[in-house]
Amino acid sequence: MPRRTVFRRLAHISLDQEMRERYLMTFSSRWLYHHIQHFPMLTSQTLFANQQPLELEIGCGSGEFLCSLAQANQACNFLGIDISETALLQATHLASTLALENMKFVAANAHLLFPLFAPDSLQAVYLHFPDPNRRRKFRKRQLFTPMLLDVISQALSSGGRFSVMTDHREYFLEMLELIERDARFEKTHAERYLSGFDAPVLSRYQRLWERHGLATLRFEVRKRL
Ligand SMILES: C[S@@+](CC[C@H](N)C(=O)[O-])C[C@H]1O[C@@H](n2cnc3c(N)ncnc32)[C@H](O)[C@@H]1O
């Protein structure tokens with residue numbers, strides 16, 4: 001069976017308590033806001049008890065893309081964050097079915113997790129298909145902000161990569177302009193931006209929007225040395 005079909009089918013099956021405890025941590029917003037000092041730093045050492053490089057997806061949803069990376073790169077750890085516990089239960093089931101040792105998920109509002117990223121602790125960050133939140137009253141929910149860039153530039157190791165993609169052209173151009181003004185990052189490609197993304201396993205939203213005929217717009221930058 002093709003790998004993409006396996007990943008799609010696994011997303012609908014229920015989850016037992018043991019799998020959940022192994023892969024998924026849920027951090028309440030109220031506790032994060034008032035008692036951040038009681039939460040563990042999100043590093044390879046605290047999450048996996050080893051020193052392997054760590055890659056992060058913010059808003060990983062049902063986790064198909066990140067789990068495929070984890071399966072292909074066992075010498076690296078992967079952390080997926082999403083505010084939706086329902087999506088992460090699907091991601092957890094997938095990680096468990098693939099018996100991944102190098103994958104964990106945190107159900108939490110990413111905005112509140114920023115203090116838990118240690119300097120130079122991440123090898124790569126993925127922000128793929130973030131919710132556009134274009135209406136004025138929802139703008140403050142947007143994930144791609146100058147504050148996110150501050151956090152990522154500190155948390156990435158030198159040369160660490162930050163990959164952003166979306167089908168939403170207006171939001172994409174806004175993010176592109178913001179990153180192009182930021183001297184802490186440089187593009188990893190000669191083109192101003194890339195169209196399409198040919199991963200071995202596509203994320204749920206990439207599949208969805210491409211089925212609707214929308215192009216995937218992407219840029220990737222690295223933290224300057
Ligand atoms: C459009 S989906 C994309 C999911 C996945 N990256 C993909 O490509 O299939 C956006 C995801 O971001 C999550 N999200 C939105 N705001 C968030 C926040 N403040 N913190 C963490 N996750 C968030 C949503 O729950 C949702 O799963």
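Around the ligand stand 18 residues, of which Gly59, Asp82, Ala110, His128 and Ser203 come nearest, where being near means having a heavy atom within 4 Å of the molecule. The structure is a predicted model, in which local features need pLDDT of at least 70 and side-chain atom pairs count only at pLDDT 80 or more, while totals for chains, interfaces and linings use all residues. Residues are numbered from 1 along each chain as its sequence is written, and side-chain values use heavy atoms, with hydrogens and water left out.

The shell around the ligand is made up of seven nonpolar, seven polar and four charged residues; here Ala, Val, Leu, Ile, Met, Phe, Trp, Tyr, Cys and Pro count as nonpolar, Asp, Glu, Lys and Arg as charged, and the others, Gly among them, as polar. Some pairs of N or O atoms lie within 3.5 Å, the limit for a polar contact. In the side chain of Ser203, an N or O atom is 2.7 Å from an oxygen atom of the ligand, whereas His128 brings a backbone N or O atom to 2.8 Å from a ligand nitrogen atom. Tyr205 also uses its backbone, with an N or O atom 3.0 Å from an oxygen atom of the ligand. On its own the ligand has 600 Å² of accessible area, and the protein covers 90% of that area, as computed by the Shrake-Rupley method with a 1.4 Å probe.

The ligand takes up the space of the largest pocket, meaning that more than half of its atoms lie within 2 Å of the grid points of that pocket. A pocket is an open set of points, on a 1 Å grid over the protein atoms alone, with protein on both sides within 12 Å along at least five of seven lines, whereas a cavity is a set where a 1.4 Å probe fits but cannot get out; lining residues have an atom within 4 Å of a point. The largest pocket holds about 780 Å³ of space, and its lining numbers 35 residues, with Gly59, Asp82, Phe129, Pro130 and Asp131 nearest its centre. Helix H10 gives the most to this lining, with three residues.

The largest cavity contains about 40 Å³ of space. Its lining comprises Leu56, Ile58, Phe114, Phe117, Leu122, Val125, Leu148, Val151 and Ile152, and by class these are nine nonpolar residues, with no polar and no charged ones. Helix H8 (146–155) gives the most here, with three residues.

Conventions: Polar contact = N/O pair within 3.5 Å; in protein donor to acceptor, adjacent residues only side chain to side chain. Points joined across faces, edges and corners; volume = space filled by probe spheres on them. Helix = DSSP H or I, 4+ residues; strand = E, 2+ residues; numbered from the N terminus.
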